[in-house]
Amino acid sequence: MNQMNLCGNEKNIPNVLGAGLLCLDIIKNKDSTRYLNGGSCGNVISALSFLGWRSSIITNQYKDPAGDILNQNLESLHVDRIEVGRSIQTPRIVQEVSNFGHRYLLSCPDC
């Protein structure tokens with residue numbers, strides 16, 4: 001992996017290991033649906049990786065379609081996953097956005 005940093009020296013790239021909430025954020029509005037990394041830990045690790053940190057996260061094994069999307073998102077940001085435990089359903093947080101504001105759902109309204 002070739003990452004840039006502000007120092008220009010690969011030895012000085014900071015490392016971070018996260019453990020905490022990682023979920024798939026599903027953001028639905030009238031015209032589209034977006035699937036993003038979510039959860040407090042998932043957001044921080046994704047942001048630090050985007051800024052050039054070597055980032056890793058400890059996660060459960062997510063082997064469902066939502067997990068495939070989440071894992072692809074993490075991979076595109078060069079976040080390394082350390083999978084522990086058994087395979088579980090990927091946590092999801094759904095945000096429905098409309099002209100009247102938005103609401104959060106902890107289960108998919110379409111399933």
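# Briefing: helices, core and selected residues

The model is predicted, so local features need pLDDT of at least 70 and side-chain atom pairs count only at pLDDT 80 or more, while totals for chains, interfaces and linings use all residues. Residues are numbered from 1 along each chain as its sequence is written, and side-chain values use heavy atoms, with hydrogens and water left out. Buried means under 20% relative accessible area, exposed means over 50%, and partly exposed lies in between (1.4 Å probe, protein chains only). Helices (H or I, at least four residues) and strands (E, at least two) are DSSP runs, numbered from the N terminus.

**Overall architecture**

- The protein chain contains 2 helices and 7 strands, which follow the pattern β-β-β-α-β-α-β-β-β along the sequence.
- Of its 111 residues, 35% count as buried.
- A contact means heavy atoms within 4.5 Å; among contacts between residues at least 6 apart in sequence, 59% join residues at least 24 apart.

**Nonpolar core**

- A nonpolar core is a set of buried Ala, Val, Leu, Ile, Met, Phe, Trp, Tyr and Cys residues joined through side-chain atoms within 4.5 Å.
- The largest such core has 15 residues, and those with the most contacts inside it are Leu 22, Leu 24, Ile 45, Ile 57, Leu 70, Leu 74 and Val 79.
- At least two residues of this core come from each of strand 2 (23-28), helix 1 (40-50), strand 4 (54-62) and helix 2 (65-76).
- Apart from residues up to four places away in sequence, Leu 70 touches Leu 22, Cys 23, Leu 24, Asn 37, Tyr 62 and Thr 90.
- In soluble globular proteins, nonpolar side chains tend to be buried together.

**Helix 1**

- The buried residues of helix 1 are Cys 41, Gly 42, Ile 45, Ser 46, Leu 48 and Ser 49.
- These residues lie on the same side of helix 1, because they cover an arc of only 165° around the axis; the arc is that of the directions from the helix axis to the C-beta atoms.
- The elements covering the buried residues of helix 1 include strand 1 (15-19), strand 3, strand 4, helix 2 and strand 5.
- Gly 52, which follows helix 1, has a positive phi, near 105°.

**Helix 2**

- Helix 2 has 12 residues and reaches 17 Å from its first C-alpha to its last, close to the 16 Å expected at 1.5 Å a residue; the expected span is 1.5 Å times one less than the number of residues.
- Ala 66, Gly 67, Leu 70, Asn 71, Asn 73 and Leu 74 are buried in helix 2.
- The face of helix 2 turned away from its buried side carries the exposed residues Pro 65, Gln 72, Glu 75 and Ser 76.
- Among the elements covering the buried residues of helix 2 are strand 2, strand 3 (33-38), helix 1, strand 4, strand 5 (79-88) and strand 6 (92-98).
- His 78 follows helix 2 and has a positive phi, near 60°.

**Residues of strand 4**

- Gln 61 is located in strand 4 and is partly exposed, with a relative accessible area of 23%.
- Leaving aside neighbours within four places in sequence, Gln 61 contacts Glu 83, Val 84, Gly 85, Arg 86, Ser 87 and Ile 88.
- The C-alpha atoms of Gln 61 and Glu 83 are separated by 5.5 Å, although the two residues are 22 residues apart along the chain.
- A polar atom of the Gln 61 side chain lies 2.5 Å from the backbone oxygen of Gly 85.
- Ser 56 is also found in strand 4 and is buried, at 17% relative accessible area.
- Not counting residues up to four places away in sequence, Ser 56 touches Val 16, Leu 17, Gly 18, Ile 45, Val 79, Asp 80 and Ile 82.

**Towards the end of the chain**

- Gln 95 belongs to strand 6 and is buried, with a relative accessible area of 15%.
- Leu 106 lies in the segment after strand 7 (101-105) and is exposed, with a relative accessible area of 72%.
- Leu 106 touches Arg 92 and Ile 93, residues up to four places away in sequence not being counted.

**Cysteines**

- The structure holds 0 disulfides, a disulfide being a pair of cysteine sulfur atoms within 2.5 Å.
- Cys 23 is buried, with a relative accessible area of 0%, and Cys 41 counts as buried at 10%.

Notes
A polar contact is a pair of N or O atoms within 3.5 Å; within protein, one must be able to donate a hydrogen and the other to accept it, and residues adjacent in sequence count only if both atoms are side-chain atoms.
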